[in-house]
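Here is a friendly note to read alongside the model. Please keep the viewer open and look up each residue as you go.

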Amino acid sequence: MSTTRQLLNSVQVARFVAHGFLRLDGIVPQEMNEEALEVLAAGLPSVPYGTPVPKAFPEGSFTRRLLDLPAVAGALESLVGPGPEIDHHALHVREPREGSAQPLHADALIDVRPDAFDVQLMYYPQEVTADMGGTLIVPGSHLRRINESDTGRYQNLLGQTRLTCPAGTVVLVHHGIWHGGRRNDSDIVRRMYKIRFNPTVPQVRLWDTADLDAPAVREELGRYFPWYEQATARLEILNRVRLWRTLTGDPHFDIEHWATRIDNRPAAQRSTA
Amino acid sequence: MTLSTTVRQQVLVLYLDTSALDSWVKGWARYDGTGRTRPTTGDSDEPPYRTGVEALLDGWRLFQASQLIPPYPGAEHETSFLKHEFFFERLVETAEEPG
């Protein structure tokens, strides 16, 4: 199998910065999906925090082959860079007719790093239908500063994504994304394999930047989501601008004039000159 | 045996576009003290009402609204929880459990 990675372009990375996730529908071959169900049922190997990928998942192992799929390898390298470390990995199961959903949450601790982010890979080896409790994801929630399940009160938000997908779908999410396993109202066990990656290099221009100045980049970064309150939506875009400046190394990037306007302090600049 | 009734509370939480009660619904949650329904996370994509006032028109009683709190100094541009949270209740008669 080819292991040539397929890097994301700037529009795709801008879309990730705005949405907080990237979907790769049905990219894992069916024979691997069938193998995955056996591998996951047998139990995952223990991986200590901070283990490099080659050590965590030896050549030929199922997970290594999953990560070496060109679309997966390229997307991961574009977002977290080469040589990431495995934070942890786990199988997530939603049992048939279990009666409840996970509260809406972000994983781990409140995480306010301005110049780094972790990526979590969610792999669905089965087709996920509407009644199987596919993961609830709230687009554009990843830059909000909340701690773990403190958002549990929010049952539904306008424009939320209730994941349905073909077998072999991979979703890459920013560590801050609000999400939760929905109630499984079907008779089928739903499985999802999650792997968290920590970057080991500065996350600056790691993707194919040939289209960096394309108008579609700004369109993605300026996107509103239906659940945003009118005023807070502008702050969301400001925070995306700040993240994009970090990811591109361009301290002057802006949407409209919002960041530039509030950075403008002639008196302060004169006193430090 | 005489059938008696008792009252139970249903709660509706609406998250609105601005601090105005007649602004658009952006998020919602329901809790049912009668036990007749079991609302949960991610169970619907369509809000029960378009605005907070629509809930009033349908008989829900507002009992709490979030305060307007100035941003903390130094954190003026940070985003976090939804700001405009309104709690409504409806009291529903239900058959009392036999003692």
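What share of the contacts in chain B with a separation of 6 or more comes from residues 24 or more positions apart? The share is 69%, where a contact means that two C-beta atoms, placed from the backbone, lie within 7 Å.

Before the points, two remarks on conventions. This is a predicted model, in which local features need pLDDT of at least 70 and side-chain atom pairs count only at pLDDT 80 or more, while totals for chains, interfaces and linings use all residues. Residues are numbered from 1 along each chain as its sequence is written, and chains are lettered from A and ligands numbered from 1 in the order in which they are written.

1. Start with chain B, which has one helix and four strands. Helices (H or I, at least four residues) and strands (E, at least two) are DSSP runs, numbered from the N terminus. From that end the order is β-β-α-β-β. The radius of gyration of chain B is 17 Å, well over the 13 Å of the globule rule for 99 residues, so chain B is more spread out than a compact globule. That radius is taken over C-alpha atoms, and the rule is 2.2 Å times the number of residues to the power 0.38. Along its principal axes, the C-alpha trace of chain B spans about 65 × 25 × 25 Å.

2. Now see where the chains meet. Chain A brings 29 residues to the contact and chain B brings 23. On the chain B side, strand β2 (residues 25-32) gives the most, with four residues. Strand β6 (residues 156-157) of chain A runs antiparallel to β2(B), and two bridges join them. One pair to find is A:Asn156 with its bridge partner B:Trp28.

3. Chain A holds an open sheet of six strands in the order β1-β8-β4-β10-β3-β2, with antiparallel pairing. Strands pair if DSSP finds at least two bridges between them. The edge strands are β1 (21-24) and β2 (51-52) of chain A, each pairing on one side only. Four bridges link β1(A) to strand β8 (residues 169-174) of chain A, and A:Leu24 stands opposite A:Val170 there.

4. An open sheet of three strands in chain A has the order β7-β5-β9, again antiparallel. Both β7 (161-162) and β9 (179-180) of chain A are at the edges with a single partner strand, so one side of each has no neighbour in the sheet.

5. Just after α2(A), A:Gly43 takes a positive phi of about 105°.

6. A:Glu148 sits in the loop between β5 and β6 of chain A. Beyond residues up to four places away in sequence, A:Glu148 touches A:His105 and A:Ala106.
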